[in-house]
Amino acid sequence: MSAALDADALLEQLATGLGQWLAACRRPDPVMVGIHTGGAWIAERLHPRLGFREPLGRLDINFYRDDFTRIGLHPQVRPTRLPFEIDGRHIVLVDDILHTGRTVRAALNELFDYGRPASVALAVLIDRGGRELPIAAAVAGTTLALPPEHHVKLTGPEPLALAYVERGGGREGERP
Amino acid sequence: MSAALQVDAAGRLRHFLDVEGLKRQQLVEIMDTAESFAGVADRSVKKVPLLRGMTVVNLFFEPSTRTRTTFELAAKRLSADVLNLNVSTSATTKGESLLDTLRNLEAMHADMFVVRHAASGAAHFVARHAAPHVGVINAGDGCHAHPTQAMLDMFTIRRVKGEFTPLTVAIVGDILHSRVARSQIHALNTLGVRSVRVIAPKTLLPPRVEQLGVEVHHDIAAGVRDADVIITLRLQRERMDGRLLPSKHEYFQRYGLTEAALASARADAIVMHPGPINRGVELDSGTADGPRSVILQQVTHGIAIRMAVISMVMASHTGAAAS
């Protein structure tokens with residue numbers, strides 16, 4: 001088993017990396033959107049540090065999941081709140097763990113139902129490999145190569161903590 | 001009988017037939033889910049892909065405009081396909097022909113029936129006889145129940161007032177024939193309001209109405225005193241024929257909601273009506289269009305509540321249980 005993961009240290013790396021990425025790509029007036037729940041926790045910490053002009057957006061992708069017919073409705077769907085116009089904006093989408101890419105696929109579909117962004121870039125705390133879709137993060141706090149049956153779980157919001165869990169057949173999108 | 005039929009072993013809604021028998025937490029879950037759907041109407045694309053490829057059949061044996069169109073809009077905003085069937089029928093339930101209708105629609109791979117019928121218990125009957133993969137929602141059965149109307153009213157009250165426990169709610173009008181009132185009384189008591197009052201002439205109250213957990217008034221000014229919420233009910237035209245009421249003018253004189261009658265209610269009281277309103281019968285135009293009226297908000301909230309109930313029932317019929 002891999003060494004313990006320090007959520008705060010990874011958050012520092014992600015904040016630094018994202019700051020450099022934003023400076024280098026020169027996209028004007030970007031906005032930040034966190035994916036419920038873990039991604040929103042990460043975004044809440046990144047947002048005040050990186051000089052975004054608009055308030056933080058929050059996206060709940062449960063109405064866009066591809067597994068409704070298999071596992072049904074999440075019991076606690078939270079409202080999506082995007083307190084700005086999407087059209088023509090540069091969006092930084094934030095999630096906690098990037099695995100199959102299905103959550104990000106759902107988030108992109110939902111974003112595009114609000115309007116037509118100029119661009120969307122992905123920032124994640126951990127890229128743990130195992131992609132099933134052509135999706136990649138622009139910035140990651142760290143990159144791991146975990147076997148399929150191994151998972152990383154973020155708990156929070158206060159304090160943020162990361163733990164390894166092992167479960168058979170679990171996939172991103174089937175959030176417990 | 002509803003509880004066993006509409007809730008599965010895991011506590012999920014298999015059908016939505018009646019508010020009676022549901023627990024407070026289940027009513028709160030319906031409202032919380034509706035809250036997350038409420039924002040969909042404000043977006044440039046007013047729909048989510050949740051129920052793509054599923055078919056909802058609106059099976060209306062009784063005429064309706066508002067309820068049917070909001071159910072249709074709710075299903076469409078969930079990306080389901082919608083079939084509207086307005087089936088004319090005699091007043092009595094023809095069990096055989098109804099079953100034949102069901103079997104035919106099931107053969108067309110319907111996933112859900114939204115049923116309105118003039119006979120009490122019709123939606124329960126459909127739920128008992130529908131195929132296992134089909135969910136049933138009661139859109140009003142006779143004088144029995146209209147649970148989605150009650151839930152959109154609860155959702156409206158929650159959005160305006162916040163908490164239920166400190167509230168005094170007065171329901172004015174034809175309690176005897178009102179499936180809306182019956183479902184509202186169950187919902188309000190389950191959600192723990194301080195008190196529910198009914199205000200009506202004796203001829204429009206069911207016998208032993210107090211057993212539903214309500215305070216009975218025959219005078220509107222006394223009935224709305226210090227009320228936080230006043231719900232007026234539609235007076236069906238066939239009730240105005242003189243058998244139960246002398247005339248609609250006299251009804252308005254004694255039970256119509258006016259600004260004068262509202263004077264004894266709380267200053268921040270809200271006025272509700274399930275629609276369609278008879279101006280000058282249940283309430284006057286000044287009140288219906290006034291600042292306390294939330295009647296049009298009720299219509300808007302009806303879409304979010306129906307999206308919530310449709311998706312929750314549909315979810316309980318999907319393959320495996322939620323992990």
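This is a predicted model: local features need pLDDT of at least 70, side-chain atom pairs count only at pLDDT 80 or more; totals for chains, interfaces and linings use all residues.
Chain B is split by the domain assignment into domain 1 (2–145 + 301–316) and domain 2 (147–299).

**Chain A: the α1/α2 pair**

- Helix α1 of chain A covers residues 7–25 and helix α2 of chain A covers residues 38–46; their axes come within 11 Å and cross at roughly 65 degrees.
- On the α1(A) side, the residues that do the touching are Leu11(A), Leu14(A), Ala15(A) and Leu18(A). They meet Ile42(A), Arg45(A) and Leu46(A) in α2(A).
- That contact of α1(A) with α2(A) divides into 6 nonpolar residues, no polar ones and 1 charged.

**Chain A: how covered is α2?**

- α2(A) is mostly covered, with 8 of its 9 residues buried.
- The buried ones are Gly38(A), Gly39(A), Ala40(A), Trp41(A), Ile42(A), Ala43(A), Arg45(A) and Leu46(A).
- Besides α1, the buried residues of α2(A) pack against a set of strands in chain A: β1 (31–35), β2 (57–59), β3 (90–98), β4 (119–127) and β6 (150–155).

**Where chain A touches chain B**

- The contact draws on 18 residues from chain A and 19 residues from chain B.
- On the chain A side, α3 (68–71) and α4 (102–114) each supply at least two residues.
- α3(A) gives the largest share of that side, 4 residues.
- Sorted by type, the chain A side comes out as 9 nonpolar, 4 polar and 5 charged.

**Chain B: two domains side by side**

- The C-alpha centres of domain 1 and domain 2 of chain B lie 25 Å apart.
- Their contact takes 26 residues from domain 1 of chain B and 23 residues from domain 2 of chain B.
- On the domain 1 side, α2 (24–38), β4 (135–141) and α12 (295–316) of chain B each supply at least two residues.
- That domain 1 side divides into 14 nonpolar, 6 polar and 6 charged residues.

**Chain B: α2 against α12**

- The axes of α2(B) and α12(B) come within 8 Å and cross at roughly 115 degrees.

**Chain B: the four-stranded sheet**

- 4 strands line up as β2-β1-β3-β4 (chain B) in an open sheet with parallel pairing.
- β2 (81–86) and β4 of chain B sit at the edges with a single partner strand each, so one side of each has no neighbour in the sheet.
- On average, neighbouring strands here are turned by 15 degrees against each other, direction ignored.
- Strand β1 (residues 55–60) and strand β3 (residues 112–117) of chain B pair in the parallel sense over 5 bridges.
- If you want one bridge to look up, Val56(B) has Met112(B) in β3(B) as its partner.

**Chain B: the five-stranded sheet**

- Another open sheet has 5 strands in the order β7-β6-β5-β8-β9 (chain B), again with parallel pairing.
- Its edges are β7 (215–217) and β9 (270–272) of chain B; each has a single partner strand, so one side of each is left without a neighbour in the sheet.
- The twist averages 20 degrees from one strand to the next.
- Strand β5 (residues 168–172) and strand β8 (residues 229–232) of chain B run parallel and are joined by 4 bridges.
- Ile171(B) stands opposite Ile231(B) in β8(B).

**Chain B: a look at Ala187**

- Ala187(B) belongs to helix α7 (residues 179–190) of chain B.
- Ala187(B) counts as buried because 25 other C-beta atoms lie within 10 Å, and 20 or more is the cut-off for that label.
- Leaving aside residues up to four places away in sequence, Ala187(B) touches Val19(B), Leu27(B), Ala150(B), Met151(B) and Met154(B).
- Ala187(B) and Met151(B) are 36 residues apart in sequence, yet 7.4 Å apart in space, C-alpha to C-alpha.

Conventions. Residues are numbered from 1 along each chain as its sequence is written. Chains are lettered from A and ligands numbered from 1 in the order in which they are written. Domain bounds come from an automatic or database domain assignment. Two residues are in contact if their C-beta atoms, placed from the backbone, lie within 7 Å. Ala, Val, Leu, Ile, Met, Phe, Trp, Tyr, Cys and Pro count as nonpolar, Asp, Glu, Lys and Arg as charged, and the others, Gly among them, as polar. Axes are lines fitted to C-alpha atoms, for helices over the stretch in contact, and angles run from 0 to 180 degrees between N-to-C directions. Two strands pair if DSSP finds at least two bridges between them. A residue is buried if 20 or more other C-beta atoms lie within 10 Å of its own, exposed if 12 or fewer, and partly exposed in between; C-beta atoms are placed from the backbone.
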